[in-house]
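Open your viewer and get ready to click through a few side chains with me. We will go one selection at a time.

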Amino acid sequence: MVLKKIMIALCILFLTGLTLVGSQEWVQTIATAPGMGEYQGGDFCWTHSFNSADKEVVSAALEIYAYDVDPGESDRVLVDGYEIGRLTGEDGIWSTTEFEIDPNLASKILADGEMEVCLAIESSWKIEVGRSRLTVRWIPTPVWNLTNFN
């Protein structure tokens, strides 16, 4: 009985590992949402979409390309209300800030197929967002049928 459970566990690990090697990547770039391409202060949001049906998120990353994010400026980045970090950059230049999003959080957020990204720009500061890129690595959701094992 113990040997049978060990064999089942090894099979599951093998199949899961095999599937992870075959993970797929989905990328969405947004450059034309309201507020993008405008040098402005204040908060604004845009929405990325991802069809999460029958998919398990392995990793997720958000990249924001922005202009004039001054050192010491505190511009918060939120996804569906969860703060994932702050923009970084230099005065008067374009820079890219990358955020790794915890796969469990990404799965929760993307369950409805959308991820709202909001920037909370620090008072009296202005920036311009050129683009936002969401990259999701996923595998098909495993379907385990262990009812045939006695």
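Start by selecting R137 in this predicted model: with a relative accessibility of 29%, R137 counts as partly exposed.

Which residue forms a salt bridge with R133? It is E63, and the closest N and O atoms are 3.1 Å apart. E63 belongs to strand β3 (residues 55-67) and R133 to strand β8, so here the pair links parts 70 residues apart in sequence. Is E63 buried or exposed? E63 is buried, with a relative accessible area of 17%, because buried means under 20%. R133, at 26%, counts as partly exposed.

Next, select L134, also in strand β8 (residues 128-140). L134 is buried, at 0% relative accessibility. Show A61 as well: the C-alpha atoms of L134 and A61 are separated by 5.8 Å, although these residues are 73 apart along the chain.

Go back to strand β1 (residues 24-30) and click on Q28. Q28 is buried, with a relative accessible area of 18%. Its side chain has two places to look at. The Q28 side chain makes a polar contact with the side chain of H48 (3.0 Å), and the Q28 side chain also reaches the backbone nitrogen of S49 at 2.8 Å.

Now bring up R76 and E83, whose side chains meet in a salt bridge (3.0 Å, N to O). R76 counts as partly exposed at 31% relative accessibility, and E83 does at 38%. For the protein, the salt bridge count comes to four.

From there, move to D80, in the loop between β4 (76-79) and β5 (82-86). D80 is partly exposed, at 30% relative accessibility. Select D112, E114 and E116 along with D80, and you have a negative surface patch.

Finally, clear your selections and color by secondary structure. You will find two helices and eight strands, following the pattern α-β-β-β-β-β-β-α-β-β along the sequence. Of the 150 residues in the protein, 37% are buried.

Note on methods:
Residues are numbered from 1 along each chain as its sequence is written. This is a predicted model: local features need pLDDT of at least 70, side-chain atom pairs count only at pLDDT 80 or more; totals for chains, interfaces and linings use all residues. Side-chain values use heavy atoms; hydrogens and water are left out. Patches are made of residues with over 30% relative accessible area and no salt bridge: like charges are joined within 9 Å, nonpolar side chains (Val, Leu, Ile, Met, Phe, Trp, Tyr) within 5 Å. Accessible areas come from the Shrake-Rupley method with a 1.4 Å probe; for residues, only the protein chains shown count as cover. Lys and Arg count as positive and Asp and Glu as negative; His and the chain ends are not counted. The place of a charge is taken as NZ of Lys, CZ of Arg, CG of Asp or CD of Glu. Helices (H or I, at least four residues) and strands (E, at least two) are DSSP runs, numbered from the N terminus. Buried means under 20% relative accessible area, exposed over 50%, partly exposed in between (1.4 Å probe, protein chains only). A polar contact is a pair of N or O atoms within 3.5 Å; within protein, one must be able to donate a hydrogen and the other to accept it, and residues adjacent in sequence count only if both atoms are side-chain atoms.
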